[in-house]
Amino acid sequence: MLEVIDVSKTFPGVRALDHVSFTLNQGEVHALVGENGAGKSTLIKVLTGVYQPDDGELRYQQQKAQFGTPMDAQHAGISTIYQEVNLVPLMSVAHNLFLGREPRNRLGLLDEGRMHREAREILAGYGVTADVRRQLGTLALGEQQMVALARAVMIDAKVVIMDEPTSSLEPREVATLFGVIRDLHSRGIGIIYVSHRLDELYQICDAVTILRDGKVVHTGKLTDLERIRLVSLMLGREMSEVRREGATAFSGAATGDTGAAPVLRASGLTSRTKLHDISFEVRPGEVVGLGGLLGAGRSETIKAIGGAYPLDSGDVQVNGVDLKKPTTVRAVKAGIAVQPEDRKAEGIIAGLSVRENIALAVLPQLSRLGLVSDSKIDAIVEKYMTRLRIKASSPDQLVGDLSGGNQQKVLLARLLATGPKVLLLDEPTRGIDVGAKAEVQSLIDELAAEGLGVVLVSSDAEELIEGADRVVVLRDGVVVGVLTGAEVTTEDLMATIAAGGNA
Amino acid sequence: MTTQVAARPAVNLKGLSQYGVYLAILLLVLYNIFFTPYFLTWSNLRIQLIQVAPIVIVALGMALVIGTEGIDLSVGSVMALAAALIPLYLGYGVVAAIIASVLAGVAVGFINGVLVARVGLQPIVATLALFVGGRGLAVVITHGQLKDVRNPDLIYLGSGDLLGIPVLVWVAAALVLVVAFLVRRTVFGRRLLAIGGNRPATELAGLPVKRVLITVYIVCAVLASIAGLLSVARIQSSDASAVGLLIELSAITAVVVGGTPLTGGRVRVLGTVAGALLMQLVIATMIKHNLQPSTTEMVQAVIILIAVYVARERKTR
């Protein structure tokens, strides 16, 4: 149905696609997997007319096809749903659904009644029951995504490309999405499904194509492929190397340090409606997890400690010294380093080089009388690029051109360069590939072993459980429980969150 | 080898936005050498340089502000304020007059910076206040009168020569070097670019964002006040209602034509100088060939559009 034959695409310094061939059959759900930087995004962009291939050809419905613009691809029936929803948040749900194809009455005016009625009918099939006259932006992210999906399918799509559609969905919404996918499947629509979540792939996909370093390393039926094989194909190394040491190494380190004075003490953090009297401590070498559902106040807590979220009351102490109304400047000076959840918006500076990004927070230490010293910067950049294994063509490459995993490492390098005592990590492995994920996780281990206090927020329950020595569970801005020692298990975490919900 | 072939179109566009302005200057100079009588005379070049110097000085500050994703509309009013103060303090000597006008720049820059960084106003609105109010104040100070300046030291600044080159041009050149150094080699310069690139990230990284922003607006206004001072020295009179009128537009044009993106995160100092020179050359060429000022303005508009179009490519990746 949609064929990619021997396509190559090169960007300055990077061969993003190297003779890639790939076939999507009618009514097939085809998984497209690979580490970040493997070429998935580029391939999708070639399919949707954002990029033109340098070499090779596309065939669509048995004919040679060329999509000059994303519009051409859409007209041909190829719809794409991106990670971030591409709709107009200030317009109503119905308007978004019919944008550009609004039903009109005989006078050529907008037929609102019909639009709302049809929108309701269509969205009901996607499990969206919200009033279609509401502003789209007021809907939950998952619902917005369903609207985007409905819109994509409505445009008479024959192929739907989904780029990590579940990354911001709750489990219930994922189930609805899968229902919709099965429905599309039965209607003969081809689906290209990109995701980092293996469970989902095995649940919903028929076939799989694995990309690595711009090349296809495997393509075929998914049922024939063992999970462990899939992962090792993706990473290009043996599974045993990837697997982490696990919780055992952690608990040992934690018990050794229980007597030490806390490096970070947050007490009574309160901020209007978001945080209510949150207190906890982190000892050197300890990884404290913050657990809870979306909106429980985990990110706000982290930001408040880092001075980037206003507090009404509460104290933050580092090594017993009170920060007195933390500001970002004071927090960094005191040794608090915050890795924000939204890497692109609040973390990296995409237009600057790897070098500038890493050195950013420590420029005064790397300069004399306000003049920066290139040799000192080079030394520190070299040190962290090696230590964190940052893959970039050179330190002068723009960070915006790196893969997600490498961007995250650059951000971590910037934090580590400040010589922090406490590291606050908000979703450190979100949206990065399996290999970089394992590297970041073992880095957290190492840093804790070196005596840093770490606060870890992760919506990946396994990561939280395996990574943390202790988990502080939040719900609606309140601490509802603390899991320690043997209680740090997925079951206990779920139970605490659930129990909190009843309270 | 395919790598290079594929990369070529992108590189070309990028190259054009970076070096196009130099190419345009070269072409225009060549044209003038062959078709404009007396173009290659020292007295002509001298006039061109003297005329462009204040614009270059103002544009340098503007480039820094634009590098932080801001804009400063008040530069012309700062020039007027500086000009207005000179006759008042010239009695105490030329140094006192210079200090007074530079302090006026510091004050205006501080207000702009505080409005942008602390109050959180949009730069265009914050600086609009002093764009309107600054010149008004300047006219009030001078009682709306044109005052002649007869201090020989000041006149030397405006019309004197040093080693055969106008003092005015020396000052502008020195300031270009200072600003280029500031951007490339100092902590302040790096921070400024980081703020323009991603302000929330820079804040979270623990940088003193507000202090840097306030400093940037002060530097910009001080540069404008120096330009105002030099303008007074050159025309040997202080006219608050005319000095620096509409210069903010020339400065923004020079910055944009020079390849500094309005989206912040990058400052091209030499490009800004070249942008100012190019616009000056265009105007001079038009005048020499007896074209209407209105035609000149339209040509300027076309150049700005081309510059913005070429720079547009950057955002797409």
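Over all chains, the structure holds 24 salt bridges. Please keep in mind that this is a predicted model.

One of those salt bridges joins A:Asp54 and A:Lys9, with 3.7 Å between the closest N and O atoms. The two partners sit in distant parts of the chain, 45 residues apart. A:Lys9 belongs to strand β1 of chain A, residues 2–11. A:Asp54 lies in the loop of chain A that runs between α1 (40–47) and β4 (55–60).

Next, the contact between the chains. How many salt bridges are there between chain B and chain A? The count is three. In one of the salt bridges, the side chain of B:Arg190 meets that of A:Asp374, at 4.0 Å from N to O. Counting residue pairs in polar contact, both at pLDDT 80 or more, gives eight between chain B and chain A.

Which helices of chain B supply at least two residues each to the side that touches chain A? They are α1 (2–35), α7, α8 (187–197) and α9 (199–204). The most comes from α8(B), with six residues. By type, the residues on that side of chain B divide into 12 nonpolar, eight polar and seven charged.

As for the extent of the contact, chain B puts in 27 residues and chain A puts in 33. Together the two chains bury about 2400 Å², and 62% of that is on carbon and sulfur atoms.

Now to packing inside chain B, with two helix pairs that share α10(B).

On the α7(B) side the contact uses B:Leu168, B:Val171, B:Leu175 and B:Val179. On the α10(B) side it uses B:Leu223, B:Ile226, B:Leu230 and B:Arg234. That contact comes to seven nonpolar residues, no polar ones and one charged.

The second pair is helix α6 of chain B, residues 152–159, again with α10(B). Here the axes are 7 Å apart, at an angle of about 100 degrees. That makes α6(B) roughly perpendicular to α10(B). From α6(B), the contact residues are B:Leu154, B:Ile155, B:Leu157, B:Gly158 and B:Ser159. From α10(B), they are B:Leu229, B:Leu230, B:Val232, B:Ala233 and B:Arg234. This set divides into seven nonpolar, two polar and one charged.

Note on methods:
Residues numbered from 1 in each chain as written. Chains lettered and ligands numbered in written order. Predicted model: local features only at pLDDT ≥ 70, side-chain atom pairs only at ≥ 80, totals over all residues. Heavy atoms only, no water. Contact = heavy atoms within 4.5 Å. Helix = DSSP H or I, 4+ residues; strand = E, 2+ residues; numbered from the N terminus. Nonpolar A, V, L, I, M, F, W, Y, C, P; charged D, E, K, R; others polar. Buried area = accessible area lost by both parts, 1.4 Å probe. Polar contact = N/O pair within 3.5 Å; in protein donor to acceptor, adjacent residues only side chain to side chain. Axes fitted to C-alpha atoms, helices over the stretch in contact; angles between N-to-C directions. Parallel < 35°, antiparallel > 145°, perpendicular 65-115°, else oblique.
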